[in-house]
Amino acid sequence: MRAVLTWRDKVEQCIYDLAFKPDGTQLILAAGNRLLVYDTSDGTLIQPLKGHKDTVYCVAYAKDGKRFASGSADKSVIIWTAKLEGILKYTHNDSIQCVSYNPVTHQLASCSSSDFGLWSPEQKSVSKHKSSSKITCCSWTNDGQYLALGMFNGIISIRNKNGEEKVKIERPGGALSPIWSICWNPSRDEHNDILAVADWGQKLSFYQLSGKQVGKDRPLNFDPCCISYFTKGEYILLGGSDKQVSLFTKDGVRLGTIGDQSSWVWTCKVKPDSNYVVIGCQDGTISFYQLIFSTVHGLYKDRYAYRDSMTDVIVQHLITEQKVRIKCKELVKKIAIYKNRLAIQLPERILIYELYSDDSSDMHYRVKEKIVKKFECNLLVVCSDHIILCQEKRLQCLSFGGTKEREWQMESLIRYIKVIGGPPGREGLLVGLKNGQILKIFVDNLFAIVLLKQATAVRCLDMSASRNKLAVVDENDTCLVYDIHTKELLFQEPNANSVAWNTQCEDMLCFSGGGYLNIKASNFPVHQQKLQGFVVGYNGSKIFCLHVFSMSAVEVPQSAPMYQYLDRKMYKEAYQIACLGVTDADWRELAMEALEGLEFETAKKDFLGSGDPKETKMLITKQADWARNINEPKAAVEMYLSAGEHIKAIEISGDHGWVDMLIDIARKLDKAEREPLLLCAHYFKKLDNPGYAAETYLKIGDLKSLVQLHVETQRWDEAFALGEKHPEFKDDVYVPYAQWLAENDRFEEAQKAFHKAGRQSEAVKVLEQLTHNAVVESRFNDAAYYYWMLSMQCLDIAQVDKNQKKEMLVKFHHFQHLAELYHVYHSIQRYTEEPFSFHLPETLFNISRFLLHSLSKETPLGISKVNTLFTLAKQSKALGAYKLARHAYDKLQGLQIPARFQKSIELGSLTIRSKPFHDSEELVPLCYRCSTNNPLLNNLGNVCINCRQPFVFSASSYEVLHLVEFYLEEGITDEEAVALIDLEAPRLTKKERKWQEIANNNSQTLRLDETVDRIEEDDPFTAKLSFEQGGSEFVPVVVNRAVLRSMSRRDVLIKRWPRPLQWQYFRSLLPDASITMCPSCFQMFHSEDYELLVLQHNCCPYCRRRIDEASQ
């Protein structure tokens, strides 16, 4: 920014205020007791106006330009017309300090030391309002609704049009910081009305209409006397005791000085809608300046960065038209841009930015480095790892850390510098000097290479894409093109101010000058068209042009140079030019010319470019027929592909089995081309290349076909992975998988697959078939396992389907019962069928009793009562339960006995009669709830005959376990119960001690005899076990919170059934005897038995849950 003095004048009196006529043609000054009217164009005094008797302090012009007002120390306000005639005068009680016209209603506010008045042309009288302090300044909002008054006591009062106070702003400095100047921002773009306030506490502040401060106070270091905005509100002028006017941004960032003065500046204003500033001083000097804002910018290929509002940098992508603003909040002095780097020089530092990603359209920049150092330079250049500073004749290369790495001293002033690319850290620079020298400098090399020397000074430079040619614009506006290697001048053209090579075509350049754009191809004549501005870049058919402050991309058809090549039958070169951008008619013309010139390949490309399907098809048909006639299918495929006839190309390739060509076509096709891609996939399947077929289906997103492919090729792992990601395809995966497993006799896995697919009916059907087969084949252990699985599937269905919940829960309990029966019968069947027994007599005795008690109603398929009674009879006799053995033999007499058991049973029936008619007491089962001895054969089944408490059996030995089931009191949730049990409340114990005296002949001994600890208080759970003797109804054990709290976690076993089943709780009455429960099937075992069985089978003997599986 530079300030150029346009004119200056001096009067004898101090200039307290000034005002522009809204059209900018006249300037009204308050000087002494007169008003001076100047012509702004040349500073001529048009007329002095006399009317006041004392010093004029203030002047203001109405927005409509019809009248202006002046206020004086003589306590009067005079209204003047645009013809410089006084038409009205009114007075206040004190000297007038400031006047201001409402921008909308043209109501005049006049303020004195003790009050302020509001006058409008419609009303005859002036409405006056008292003020608590001297009013020093005033300003209306843009919409004319509110008037801000600045006062000597440091208060700002915001009034409405009627003079009523709406907002009062009290400044921290109070009376020590008088408000000396205020001004509302005139911008219509601001969301809020912003008031700029300058006080003699030497601060600049900003406020909203509501009274809320915007940002912090900005220190000025001088007493401000005047503040005013530019017409659009983008900048602020501030003058005062520092004898100069400073330019600030609208946010209060200082940008620079506009003319130093020899005395205090009392007033400064901007000419409406211009960059002219007028300054009035205490010594009577009037200075009129023009502000020149220079363009600070940088360009690299399609990215253009420029300064906006002096403190912001806008980066514009010239192709996509995207823009990003970087707010620096300081004066931007220089900008440089290169690839993914952006350098911004501020007064005290240089900021280096980088792009977030390597994406060519990415516009997100972040700070990479900061060089906190003040630099003075004429030009700034940035590279990948360095910045280059140009200072007159010297170039300095600095790292991003601010370290100077090397320096080049030139013979003459540097006029032009440009980065021409290169590897990071080794970029090349093109430098043009005033003496006509052109040099190439590499940032990692101390020695500059002189490319050529010409007689005239360099203004602009550019190098062609292949770096073989150099274009120079000199100070005589001549564009000269040289061959870099031979130094030969190839041609020159007049009237050029800038030049640029086409980055996509080696032989094309454009240059601008004299209001024209000139395009030159090879050595052909120049093609001209009208264009204002400077050419700064040329990419394909786009020319980047800088006009005043705006950069634009101009689309220029390349028809003229194409026809120049076509006239010389240079078809390939013409095709290259056409690719940069020509019309459809030009493409057709080029294609027909090439066809006539027998350039078939070029003609084919041109027809494709022309977009004329008839000519394209005609040419391709001829070529394809020719290829077919000479048996060249590969050539035919390539021709069809170049024409976009993908399906024909795929058919030929597929019929010939060319998988490589097919996959190449499939990968090049766009995913939207579904039909040809599906055809490719069909051929891949046909040619036994499922991998390529899968890749093709994945490309078009046809997941259903992909699933079918995996299923057809039995690539189950890939199918399962897809099923997991996309549950909607589970049926398509697991149903065929289950059918495949079933066909391969893997029924258990098939059942699981049906279950996973959600085909519950098929899963149950397979399980039922498996169960039936297992029973028929006497594999009762498998039957038990399948029934258990069936029961769990019924439970799953009950969870999901509310309509079937009741039915499924009934089936669950039924299948659980059958699973237990078959699990038990498996041991009896093995005992009766196999020569050697695998079980102890006690186990077989318990198992057969358990089975007989459970078979009270009907006997399931495959279970033999004969085998059960035979086993019971033999084991009872062996263990001394003679009464039970006699009963079993008697029962057998009423059943049909297989021939192989006949003799054994008859002999047993006879020999048992020689035994006593009673059972061994050791075998009698005990109820752990009521301590009642139960008979060996119980009519009630597996429950106590006294308290009706169901027995809990070990799933291996089928002994009665020392467990009692209990229920939770109503209102206690499972989670709360577990938390209470986990509390582990301490038990109070009391030891009884007794002293015992022993007397011998020679000695007397006292011995402390300690008895076993006894629990001081009875266990609350034991108290709950009481019941009414002899009752026929079962009374369950129900516990409350206190009882739960008293329990120990190790004494309680919990069957955590999934919903909708309830959890089951069991209390161990012999804690020292360890019991283990399977976390999957919830069967109970003596811990030693369970560990042995798991070691033998590596899984739970009941549900076959493997020991390495996670708990459910």
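This is a predicted model: local features need pLDDT of at least 70, side-chain atom pairs count only at pLDDT 80 or more; totals for chains, interfaces and linings use all residues.
Contact here means that heavy atoms lie within 4.5 Å of each other.

Leaving aside neighbours within four places in sequence, Tyr 822 is in contact with Val 775, Phe 780, Ala 783, Ala 784, Tyr 787, Pro 860, Leu 861 and Ile 863. Tyr 822 also belongs to the largest nonpolar core, which has 62 residues. Along with Trp 788, Leu 851, Leu 963 and Met 1084, Tyr 822 is among the residues that touch the most other members of this core. Several elements each supply at least two of the core's residues, including helix H15 (760–776), helix H17 (805–833), helix H18 (841–854) and strand E65 (1084–1086). Helix H16 gives the most, with 14 residues. Apart from this core lies another, of 49 residues, and Cys 328, Leu 342, Ala 343 and Trp 408 are among its members.

Next comes a sheet. Four strands form an open sheet with antiparallel pairing, in the order E33-E34-E35-E36. Strand E33 (334–338) and strand E36 (365–371) are the edges, and each pairs on one side only. On average, neighbouring strands of this sheet are turned by 20 degrees against each other, direction ignored. Within the sheet, strand E34 (residues 341–345) pairs with strand E35 (residues 350–355) over 5 bridges, in the antiparallel sense. Ile 344, for example, has Leu 351 in E35 as its bridge partner.

Over residues 49–80 the chain is 59% strand and 0% helix, and the end C-alpha atoms are 10 Å apart.

Technical notes:
Residues are numbered from 1 along each chain as its sequence is written. Side-chain values use heavy atoms; hydrogens and water are left out. Two strands pair if DSSP finds at least two bridges between them. Axes are lines fitted to C-alpha atoms, for helices over the stretch in contact, and angles run from 0 to 180 degrees between N-to-C directions. A nonpolar core is a set of buried Ala, Val, Leu, Ile, Met, Phe, Trp, Tyr and Cys residues joined through side-chain atoms within 4.5 Å. Buried means under 20% relative accessible area, exposed over 50%, partly exposed in between (1.4 Å probe, protein chains only).
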